[in-house]
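Hi,

Here is the structure I promised to pass on.

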Amino acid sequence: MIYCDYNSTSPVLPECISAMTEAMATPLNPSSVHTFGRDAKTMIEVARSDIASMLGINLRKDQYTIVFTSSATEANNLIMRNFDYHVASSKGKILVSSTEHISILRHKEYNNNIDILPVDSNGIISMRMLEEWLVQNQGEANLVSIMLANNETGVVQPIKEITAMVHKYGVLMHSDCVQGPGKIKCDILDLDVDFASISAHKFGGPLGAAALVYKTGRNLLPQILGGGQERGIRAGTENIPAIVGFGVAAKKHTHQTSRLRDIFEAEITNICSDAIIFCKASPRLPNTSMIHMPNVPANVQIISFDMKGIAVSSGSACSSGKVKISHVLTAMGAPDKIADCAIRFSFGPSTTERDVAILISTWQEIYTKSRVQL
Ligand code: PLP
């Protein structure tokens, strides 16, 4: 199989597997006072420090805290729920962009105080509209949440500038940075966000380990009650093997270049001038390409690629595996007919030139076959 779905999840690095296998062979509960328990505690703190370094943070010096969660979905819920609580008492308002992950966007179903900031046809938020919202909601606004990079289109938002603007109006800033590490620089200290979510399985770490990173001193309420683990913010015995793997992945993380993605896109445009490469003009993750193949529905493309041994996804599959029209493309103004035929290709550090050559010829084959059938 050729794997082109790194934004969905990445293969676990061999170094993580060996560190996790070793950790799994020992009974490790960091709440225990005995030697094993103390070892477990050390393992967590080593991982925390390696993850902090990846994010440009020195935990001894910089005023940031890292709380481990089971997923970035949980980390996003932790932050959104906290501001829901605050909203209940202060009627504060929250602003989120229209292309956020559903673990952010779905809070609107339960909270009328969440406003949506639109994006333009290139997937970028408007600084002017952001400022208008901050002015209109001065004194009431609590939180702005805008992702660093979109999982479907790869569009990278100017988080540093956005944060500076949000702070100018005394509002707090959260960024879902899940798609950053392993692809682009993700320096939380430099971005200056108050809260950020990250997830191990997007950059070579295991499933089941993620974190909410936040400026120390923010008084967060836990959404899971129990023992005092993770400074009382996230109860439950820590998943030590997964956290160890998370730390190793952070230590080993690299950035990607756009060389293979650019070759791929250039060839697709040569094959079919009507193919649409979404957000080509925007700053994007170097590994991501969302492409519309004219008149071939996403589910047909995914199955056809799979039959040829290539794993891709539409970027918008729900947990049932069904392909839905992408809310991200819809938010950018793409008509359903266009969005319905779009597929996401996301490469990783182990993607080769040969993989991309096979991908290009398979794309051409699927497209040519669809023309014959028309
Ligand atoms: N945020 C973004 C941008 C994502 O791409 C994902 C995963 O697809 C998540 C959040 C959720 O991450 P997790 O799988 O750790 O729950």
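Let's start with the ligand: 13 residues sit around it, and the ones that come nearest are Ala72, Thr73, Asp176, Ser199 and Lys202. Keep in mind that this is a predicted model.

Which part of the fold gives the most to that shell? Helix H3, residues 72–90, does, with three residues. By class, the shell has eight polar residues, three nonpolar ones and two charged ones.

Lysine 202 has a polar side-chain atom 2.6 Å from an oxygen atom of the ligand. For histidine 201, an N or O atom of the side chain is 2.8 Å from a ligand oxygen. With alanine 72 the backbone is involved: one of its polar backbone atoms lies 2.8 Å from an oxygen of the ligand. On its own the ligand has 390 Å² of accessible area, and the protein covers 87% of that.

The other thing I looked at is a helix pair. Two packed helices are described by the angle between their axes and the distance between the axes. How do H2 and H8 cross? The axes of H2 (residues 35–54) and H8 (residues 240–252) come within 8 Å, at an angle of roughly 30 degrees, and the crossing is left-handed. On the H2 side, the contact is made by Ala40, Met43, Ile44, Ala47, Asp50, Ile51 and Met54. H8 brings Ile240, Ile243, Val244, Phe246, Gly247, Ala250 and Lys251. Sorted by class, that contact has eleven nonpolar residues, two charged and one polar.

Cheers

Notes:
Residues numbered from 1 in each chain as written. Predicted model: local features only at pLDDT ≥ 70, side-chain atom pairs only at ≥ 80, totals over all residues. Heavy atoms only, no water. Near = heavy atom within 4 Å. Polar contact = N/O pair within 3.5 Å; in protein donor to acceptor, adjacent residues only side chain to side chain. Areas by Shrake-Rupley, 256 points an atom, 1.4 Å probe, with all protein chains shown as cover. Helix = DSSP H or I, 4+ residues; strand = E, 2+ residues; numbered from the N terminus. Nonpolar A, V, L, I, M, F, W, Y, C, P; charged D, E, K, R; others polar. Axes fitted to C-alpha atoms, helices over the stretch in contact; angles between N-to-C directions. Left-handed = near helix turned anticlockwise from the far one by under 90°. Contact = heavy atoms within 4.5 Å.
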